[in-house]
Amino acid sequence: MSTLASGAIDPADNSTAKHSPVKREARAESKGEHQQLTYCREDAACKLELVVGSPASCMDLELYTSDDKFVMKLDSDEALLGSYPIDDGCRIHVIDRSGARVGEYEDVSRVEKYEMSATDYEKRPDSVRSFLKRSKVGKFNEEEMLKKEAEQEQKLAEEKALAETISVGARCEVQVSGQPNKRGTVMFVGLAEFKPGYWIGVKYDEPLGKNDGSVNGKQYFECQPKYGAFVKPQYVTVGDFPEEDYGLDDEM
């Protein structure tokens with residue numbers, strides 16, 4: 001005799017047709033104790049539900065020998081498992097009659113979703129948007145938004161004024177807090193697509209940068225990889241900054 005101890009989804013059944021029953025299997029293993037054989041078929045199905053994922057109410061159970069020979073159907077809910085000819089190595093096929101398919105909900109784009117139009121959502125009094133409006137939080141705080149817009153305009157004007165003092169081709173030194181000073185040549189001055197505001201494109205004398213003068217596929221200037229970088233105007237000082245030897249060519 002053996003106990004019904006473990007189960008696994010049968011990988012051979014992944015190709016089941018849309019409306020065909022899904023077959024899964026649970027294999028019986030000898031454990032020395034035979035308490036599980038005192039379960040009735042209904043109780044066993046409930047335990048198998050945790051193993052194979054099929055609803056117990058939608059299961060058909062079939063008994064097979066260890067060499068894959070069909071023995072019989074386990075079709076009596078009241079019958080004890082011990083009343084069936086279950087032996088070591090036997091397995092129980094679980095046929096799912098629920099209509100579910102393996103991997104049916106893995107692609108969430110195929111799952112039907114509830115959608116609400118922007119107009120209907122705007123009319124709801126109990127939505128997050130309505131709460132934010134009543135509380136005047138974030139973009140719904142007109143005074144705060146006007147203040148932020150003014151600050152951004154002032155910051156942009158300051159950046160523009162600094163950028164106008166920097167010319168393409170000038171030697172410069174970049175001083176960013178927490179980083180060593182780096183020298184190079186100004187290659188770009190102006191607005192960029194990757195982030196708001198004015199940017200200075202610098203070709204460093206040594207490979208201390210982050211790019212080749214391009215960001216997100218747009219080429220702003222040309223240089224070798226790792227020699228290019230973009231920094232804000234306030235971190236760039238233009239002047240007589242000859243190239244320094246960082247000792248990077250001393251190692252191979």
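Which residue in strand 7 does E173 stand opposite? I opened the notebook with that one, and R183 is the residue opposite E173 in strand 7.

**Entry 1: ground rules**

I am working with a predicted model, where local features need pLDDT of at least 70, side-chain atom pairs count only at pLDDT 80 or more, and totals for chains, interfaces and linings use all residues. Residues are numbered from 1 along each chain as its sequence is written, and side-chain values use heavy atoms, with hydrogens and water left out.

**Entry 2: the whole chain**

I looked up the secondary structure and found 4 helices and 12 strands. Helices (H or I, at least four residues) and strands (E, at least two) are DSSP runs, numbered from the N terminus. Of the 252 residues, 32% count as buried. Buried means under 20% relative accessible area, exposed over 50%, and partly exposed in between, with a 1.4 Å probe and protein chains only.

The chain exposes about 16700 Å², and carbon and sulfur atoms supply 49% of that area. Accessible areas come from the Shrake-Rupley method with a 1.4 Å probe; for residues, only the protein chains shown count as cover. I also checked the contacts (heavy atoms within 4.5 Å). Among those between residues at least 6 apart in sequence, 55% join residues at least 24 apart.

**Entry 3: strand 6 and its partners**

Strand 6 and strand 7 pair in the antiparallel sense over 4 bridges; two strands pair if DSSP finds at least two bridges between them. Strand 6 is also joined to strand 12 (residues 236-238) by 3 bridges, again antiparallel. There, T237 is the bridge partner of E173.

Which way do the residues of strand 6 point? R171 and E173 point one way, C172 and V174 the other, and all are buried.

A salt bridge here is a side-chain nitrogen of Lys or Arg within 4 Å of a carboxyl oxygen of Asp or Glu. The pair links distant parts of the chain, E173 in strand 6 (residues 171-174) and R183 in strand 7 (residues 182-191), 10 residues apart. Are these two buried or exposed? E173 is buried at a relative accessible area of 10%, and R183 is buried at 15%.

**Entry 4: other salt bridges**

I searched the whole structure and got 9 salt bridges. In general, side chains of opposite charge can pair when their charged atoms come close.

R129 and E122 form one, with closest N and O atoms 2.7 Å apart. R129 is partly exposed at 29% relative accessible area, and E122 is partly exposed too, at 36%.

D126 and R124 form another, at 3.3 Å between the closest N and O atoms. D126 counts as exposed at 56% relative accessibility, whereas R124 is partly exposed at 34%.

**Entry 5: a buried glutamate**

I then looked up E159, which sits in helix 4 (residues 142-163). E159 counts as buried at 4% relative accessibility. Leaving aside neighbours within four places in sequence, E159 is in contact with G197, Y198, K232, P233 and Q234.

**Entry 6: cysteines**

How many disulfides are there? The count is 0, where a disulfide is a pair of cysteine sulfur atoms within 2.5 Å. For C40, the nearest cysteine sulfur is that of C46, 8.1 Å away. C40 is buried at 14% relative accessibility, and C90 is buried at 5%.

**Entry 7: nonpolar cores**

A nonpolar core is a set of buried Ala, Val, Leu, Ile, Met, Phe, Trp, Tyr and Cys residues joined through side-chain atoms within 4.5 Å. The largest one has 16 residues, and M59, L61 and L74 touch the most other members. Helix 1 (41-52), strand 3 (59-64) and strand 5 (91-96) each supply at least two residues of this core. Helix 1 gives the largest share, 4 residues.

What does L74 touch, not counting residues up to four places away in sequence? My list reads R41, L61, L63, L81, Y84 and I92. A second, separate core has 12 residues, including A163, I166, I200 and V236.
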